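This report describes the packing of selected helices and the surroundings of selected residues. The sequence and the structure are shown here.

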Amino acid sequence: MLTSQEQLRYSRQIMLKHIGEDGQLKLRNASVLIVGMGGLGNPVSMCLTAAGVGKIIITDGDTVDITNLQRQVLFSEQDIKQNKADCAAEKLIQNNADINIEVVDEMLDEELGQFYIPQVDVVIDCSDNIATRYLVNKICIEHKKPFVVGAATGFDGQQLVIDPRKDDSACYQCLFPTSEKAPENNCQTVGILGPVLAIIAGMQALQTIKLLTGIKVKDNQLNIYDGLHNQWQQFNISRQESCPICNKI
Ligand SMILES: [Zn+2]
């Protein structure tokens, strides 16, 4: 049962027929792992903390730099040189003290991934590099954990949900095989606008809330956002027979 305080606090989402008290309880009992506390991880963690997701594990081994402040909206000038996951947790708990926020002040590697991913209901990839995304993909496929991918550079972003609980689910590596040269573009080389990250992060948080509350989520679909021309495009993706990750399972 929700407390009367929780009923009040979350009343605007409880009144949605797709959420209701039942959905709010599911959120309270849920746990997620957010990989990366940068431009995507900041707004994703803010949305999920505010929405009442019971346990949020955040990982990042990086420190706040002055060049982050233009888009990483949780951080302030006094946070420079501090660990991003530590700083983020301090700010998030101010918003909602009921949430259990666990900080991992290191970059996710195989060992950490194998430890934390099996513990959570949904993994949200907010990392800024393809090597981490491949790692998260591999471990999520292995443990059949749904995960929500987001990425953005310049005015452009992409978002997709991989749900390995479904038999026909494609994986990130089906879409971007390692044999192809991994894109070198990142925020440091091509730049990024904060609101583009907020849009993609908002999509990631929305998809996560849907996954956690049992609302149908379209998987095997790559969503591409073009912020310069205000356009979304959807592409269906399919499981690749040649994929070394999903065909090993
Ligand atoms: Zn695959």
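## Helix 4 against helix 10

P43, V44, C47, L48 and A51 in helix 4 (residues 41-51) meet L197, A198, A201, G202, Q204, A205, T208 and I209 in helix 10, where two residues are in contact if their C-beta atoms, placed from the backbone, lie within 7 Å. By class, the contact of helix 4 with helix 10 has ten nonpolar, three polar and no charged residues. In this classification Ala, Val, Leu, Ile, Met, Phe, Trp, Tyr, Cys and Pro count as nonpolar, Asp, Glu, Lys and Arg as charged, and the others, Gly among them, as polar.

The model is predicted: local features need pLDDT of at least 70, side-chain atom pairs count only at pLDDT 80 or more, and totals for chains, interfaces and linings use all residues. Residues are numbered from 1 along each chain as its sequence is written. Helices (H or I, at least four residues) and strands (E, at least two) are DSSP runs, numbered from the N terminus.

The axes of helix 4 and helix 10 cross at roughly 40 degrees and come within 8 Å; helix 4 is therefore oblique to helix 10. Axes are lines fitted to C-alpha atoms, for helices over the stretch in contact, and angles run from 0 to 180 degrees between N-to-C directions. Angles under 35 degrees count as roughly parallel, over 145 as roughly antiparallel, 65 to 115 as roughly perpendicular and the rest as oblique. The crossing of helix 4 and helix 10 is right-handed: a crossing is left-handed if the near helix is turned anticlockwise from the far one by less than a right angle, and right-handed if clockwise.

## Helix 4 against helix 5

Helix 4 also packs with helix 5 (residues 84-95), the two axes coming within 9 Å and crossing at roughly 30 degrees. Helix 4 is thus roughly parallel to helix 5. Here too the crossing is right-handed.

On the side of helix 4, the residues involved are N42, S45, M46, T49 and A50, which meet A88, L92 and N95 in helix 5. The residues of this contact divide into four nonpolar, four polar and no charged.

## Burial of helix 4

Nine of the eleven residues of helix 4 are buried, a residue being buried if 20 or more other C-beta atoms lie within 10 Å of its own, exposed if 12 or fewer, and partly exposed in between, with C-beta atoms placed from the backbone. The buried residues are G41, N42, P43, V44, S45, M46, L48, T49 and A51. Just after helix 4, G52 takes a positive phi of about 95 degrees.

## L211 in helix 10

L211 is found in helix 10 (residues 194-213). This leucine is buried, since 22 other C-beta atoms lie within 10 Å. Not counting residues up to four places away in sequence, L211 touches V122, P146 and V217. L211 and V161 are 50 residues apart in sequence, and their C-alpha atoms are 9.5 Å apart in space.

## Loop residues with positive phi

Most residues other than glycine have a negative phi. K144 has a positive phi, near 55 degrees, and its place is in the loop between helix 7 (130-143) and strand 5 (147-153). With 13 other C-beta atoms within 10 Å, K144 is partly exposed.

N230, likewise not a glycine, has a positive phi of about 55 degrees. N230 lies in the loop between strand 7 (221-226) and strand 8 (231-236). N230 is exposed, because 8 other C-beta atoms lie within 10 Å.

## The loop between strand 6 and helix 8

P164 and D168 have their places in the loop between strand 6 (156-162) and helix 8 (172-175). P164 is buried, with 21 other C-beta atoms within 10 Å, whereas D168 is exposed, with 9.

Leaving aside neighbours within four places in sequence, P164 is in contact with C140, I141, K144, K145 and S169. P164 and F147 are 17 residues apart in sequence and 8.5 Å apart in space, C-alpha to C-alpha. The C-alpha atoms of D168 and E90, 78 residues apart along the chain, are separated by 40 Å.

## The chain as a whole

The protein chain contains ten helices and eight strands. Its radius of gyration is 17 Å, close to the 18 Å that the globule rule gives for 249 residues, so the chain is as compact as a globular protein of that length. The radius is taken over C-alpha atoms, and the globule rule is 2.2 Å times the number of residues to the power 0.38.

Of the 249 residues, 43% count as buried. Among contacts between residues at least 6 apart in sequence, 67% join residues at least 24 apart.
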